[in-house]
Amino acid sequence: MSFQRVTIIGLGLLGGSVGLAIAEFLPGCATTGYDADPAVRRRAAERGLVGRVCETAAEAVSDAELVIFCVPVGAMENAACEVADALPAGVIVTDVGSSKEAVGEALRAALPHATVIPAHPVAGTERSGPDAGFPHLFRHRWCILTPPADADPEAVDKVAAFWKALGADVELMDGAHHDLVLAVTSHIPHLIAYTIVGTASDLEQVTRSEVIKYSAGGFRDFTRIAASDPTMWRDVFLTNREAVLEMLGRFTEDLTALQRAIRRSDGDALFELFTRTRDIRRSIVEQGQDDARPDFGRSDHG
Ligand SMILES: NC(=O)c1ccc[n+]([C@@H]2O[C@H](COP(=O)([O-])OP(=O)(O)OC[C@H]3O[C@@H](n4cnc5c(N)ncnc54)[C@H](O)[C@@H]3O)[C@@H](O)[C@H]2O)c1
Ligand SMILES: O=C(O)C(=O)C[C@]1(C(=O)O)C=C[C@@H](O)C=C1
């Protein structure tokens, strides 16, 4: 049932982690890989992120059963066009992109004869590149599949089984719904982090050294997120524009309400909100969806 030959296009954090996870959890599966950057290809070969690093994308996919695109969402279409003439018949194509409607459309347009099952493992870190990947990235994390309504159910099952084998919990969702949910749970939090870190560094009365010196608690957490890859996040906001703007409208209203509560010294309003948000954090921790990143002190990572 599971795939024997998988090709990974893009060998950075996500592609490298998929390759290492396959080697660990699906040892019978042969992997090939390609990255547009020759330095990444070299490093991927040194780290053994895939069994064979190829010099062209076409060579990498030539006998694949599953092709996974692990490139920035704005690069999905070009990466797919590069392999369009080389894909074997019957191949299943998937991806790991953080926005799903635009990526699904781009892959289906570029590869009209392939079976495309878009996916988003909701797992990552602020790091990028071929040194960032580790095999346990997907363990106990959600992987959301957004197959089109007319998708082949057998292909959906195979892609779901693949992600489960890498340790993920799989959920199916409509692409538009995915984009709305992730706008609020992932995309806007990143936008807020980029904003607060930018605002702090722009403040004239807070010198750069003070920002660094006193960044102990909350601000330090924001700087981690704000260190995330600029290309990746530029592309996420450009491809999930409508959902982000919709959720940003709601967020702005809530922020204005908080601003009013502070101005009016409305302690009850502040206390009620902070109690509610603490409960949300506690339920996340109880469900075991807490952090699995390497630098969070857990021992179950590579
Ligand atoms: N970083 C995260 O936390 C995270 C989590 C889940 C999903 N994602 C998604 O995963 C994808 C990859 O992100 P990442 O964090 O691994 O980025 P990354 O920068 O670590 O790796 C991306 C790689 O793609 C390569 N690339 C770019 N264009 C290419 C092309 N046309 N052909 C071949 N290779 C190409 C780059 O050279 C780079 O090595 C993105 O779509 C992102 O939205 C990221
Ligand atoms: O943990 C982090 O550093 C992440 O930003 C990972 C994160 C997220 O927002 O949760 C970022 C983007 C993805 O598409 C999925 C996961």
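This is a predicted model: local features need pLDDT of at least 70, side-chain atom pairs count only at pLDDT 80 or more; totals for chains, interfaces and linings use all residues.
1. Overall composition and dimensions. The chain contains twelve helices and nine strands. Its radius of gyration is 21 Å, close to the 19 Å that the globule rule gives for 302 residues, so the chain is as compact as a globular protein of that length. Taken along the principal axes, the C-alpha atoms fill a box of roughly 65 × 40 × 35 Å.

2. Burial and contact range. Of the 302 residues in the chain, 37% are buried. When contacts between residues at least 6 apart in sequence are considered, 73% of them join residues at least 24 apart.

3. The three-stranded sheet. An open sheet with mixed pairing is formed by three strands in the order β7-β8-β9, and its edges are β7 and β9 (169–172), each of which pairs on one side only. Neighbouring strands of this sheet are turned against each other by 20° on average, with direction ignored. Between β8 and β9 the pairing is parallel and runs over four bridges, and Cys 143 stands opposite Val 170 in β9.

4. The helix on that sheet. Helix α6 (residues 153–165) packs on the sheet and touches β7, β8 and β9, while the direction of α6 makes about 165° with that of β8.

5. Helix α4 and its buried side. In helix α4 (residues 76–83), the buried residues are Met 76, Ala 79, Ala 80 and Val 83. These residues cover an arc of only 100° around the axis, which puts them on the same side of α4. An α-helix has 3.6 residues a turn, so residues three or four places apart point the same way. The cover over the buried residues of α4 includes β1 (5–9), α3 (57–61), β4 (66–69), β5 (92–95) and α5.

6. The kink in helix α7. Where is the kink in helix α7 centred? It is centred on Ala 183, with an angle of about 55°, in a helix that spans residues 175–202. Ala 183 is itself one of the buried residues of α7, and the others include Gly 175, Asp 179 and Leu 182, as well as His 178, His 187 and His 190.

7. What α7 packs against. The buried residues of α7 pack against the strands β7 (119–121) and β8 (142–145), and also against the helices α5 (101–110), α9 (218–226), α10 (230–239) and α11 (241–263).

Terms used
Residues are numbered from 1 along each chain as its sequence is written. Chains are lettered from A and ligands numbered from 1 in the order in which they are written. The bend at a residue is the angle between axes fitted to the seven residues ending there and the seven starting there. Helices (H or I, at least four residues) and strands (E, at least two) are DSSP runs, numbered from the N terminus. A residue is buried if 20 or more other C-beta atoms lie within 10 Å of its own, exposed if 12 or fewer, and partly exposed in between; C-beta atoms are placed from the backbone. Two residues are in contact if their C-beta atoms, placed from the backbone, lie within 7 Å. The radius of gyration is taken over C-alpha atoms; the globule rule is 2.2 Å times the number of residues to the power 0.38. Two strands pair if DSSP finds at least two bridges between them. Axes are lines fitted to C-alpha atoms, for helices over the stretch in contact, and angles run from 0 to 180 degrees between N-to-C directions. The arc is that of the directions from the helix axis to the C-beta atoms.
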